[in-house]
Amino acid sequence: MDKYVCVACGYVYDPEKGDPDNGIDAGTTFENIPDDWMCPICGVGKDMFEKVE
């Protein structure tokens with residue numbers, strides 16, 4: 001599963017961990033996160049994330 005990084009603040013979304021504080025279960029791929037999800041650190045939208053190469 002691919003990790004994604006927030007270009008605004010550097011937060012890395014790791015699908016193995018998810019974002020349980022915001023209702024995203026571990027094992028949830030980035031593509032399956034709801035479109036209204038926001039970065040838990042700086043609050044930008046999913047469109048501000050890039051795949052970690």
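Predicted model: local features only at pLDDT ≥ 70, side-chain atom pairs only at ≥ 80, totals over all residues.
**The core**

Start by selecting Tyr4, Cys6, Tyr11, Tyr13, Ile24, Phe30, Ile33, Trp37, Cys39 and Phe49. These 10 residues make up the largest nonpolar core.

Move to Tyr13 and Trp37. Tyr13 is in strand 2, whereas Trp37 is in the loop between strand 2 and strand 3, 24 residues apart. Both Tyr13 and Trp37 are buried.

Keep Tyr13 selected and display its contacts, leaving aside neighbours within four places in sequence. The contacts include the core residues Tyr4, Ile24, Phe30, Ile33, Trp37 and Phe49. Lys3, Gly18, Asp19, Asp25, Thr28 and Thr29 are also in contact with Tyr13.

**Lys46**

Next select Lys46, in the loop between strand 2 (12–13) and strand 3 (49–51). Is Lys46 buried or exposed? Its relative accessibility is 13%, so Lys46 counts as buried. Lys46 lies over the face of Phe30, 5.0 Å from the ring centre. Beyond its neighbours within four places in sequence, Lys46 is in contact with Phe30, Glu31, Ile33, Pro34, Asp35 and Trp37.

With Asp35, Lys46 forms a salt bridge whose closest N and O atoms are 3.8 Å apart. Both residues sit in the loop between strand 2 and strand 3, so the pair ties together parts 11 residues apart in sequence. Asp35 is exposed, with a relative accessible area of 69%.

**The other salt bridges**

The structure holds three salt bridges. For another one, select Lys51 and Asp2, where the closest N and O atoms are 3.3 Å apart. Lys51 lies in strand 3 and Asp2 in the segment before strand 1 (4–6), so parts 49 residues apart in sequence are tied together. Lys51 is partly exposed at 40% relative accessible area, and Asp2 is partly exposed at 37%.

Then select Lys3 and Asp14, a salt bridge with its closest N and O atoms 3.8 Å apart. Lys3 is in the segment before strand 1 and Asp14 in the loop between strand 2 and strand 3, 11 residues apart. Lys3 is partly exposed at 39%, whereas Asp14 is buried at 12%.

**The cysteines**

Finish with the cysteine sulfurs. How many disulfides does a search of the whole structure find? It finds zero. For Cys6, the nearest cysteine sulfur is that of Cys42, 3.7 Å away. This distance is not within 2.5 Å, so the pair does not count as a disulfide. Cys6 is buried, with a relative accessible area of 2%.

Cys9 is likewise in no disulfide, the nearest cysteine sulfur being that of Cys39, 3.7 Å away. At 35% relative accessibility, Cys9 counts as partly exposed. Cys6 and Cys39 were both in the opening core selection.

Methods:
Residues numbered from 1 in each chain as written. Heavy atoms only, no water. Core = buried A, V, L, I, M, F, W, Y, C linked by side-chain atoms within 4.5 Å. Buried < 20%, exposed > 50% of the residue type's maximum accessible area, 1.4 Å probe, protein only. Contact = heavy atoms within 4.5 Å. Helix = DSSP H or I, 4+ residues; strand = E, 2+ residues; numbered from the N terminus. Salt bridge = Lys/Arg side-chain N within 4 Å of Asp/Glu carboxyl O. Lys NZ or Arg CZ within 6 Å of the ring centre and 35° of its normal.
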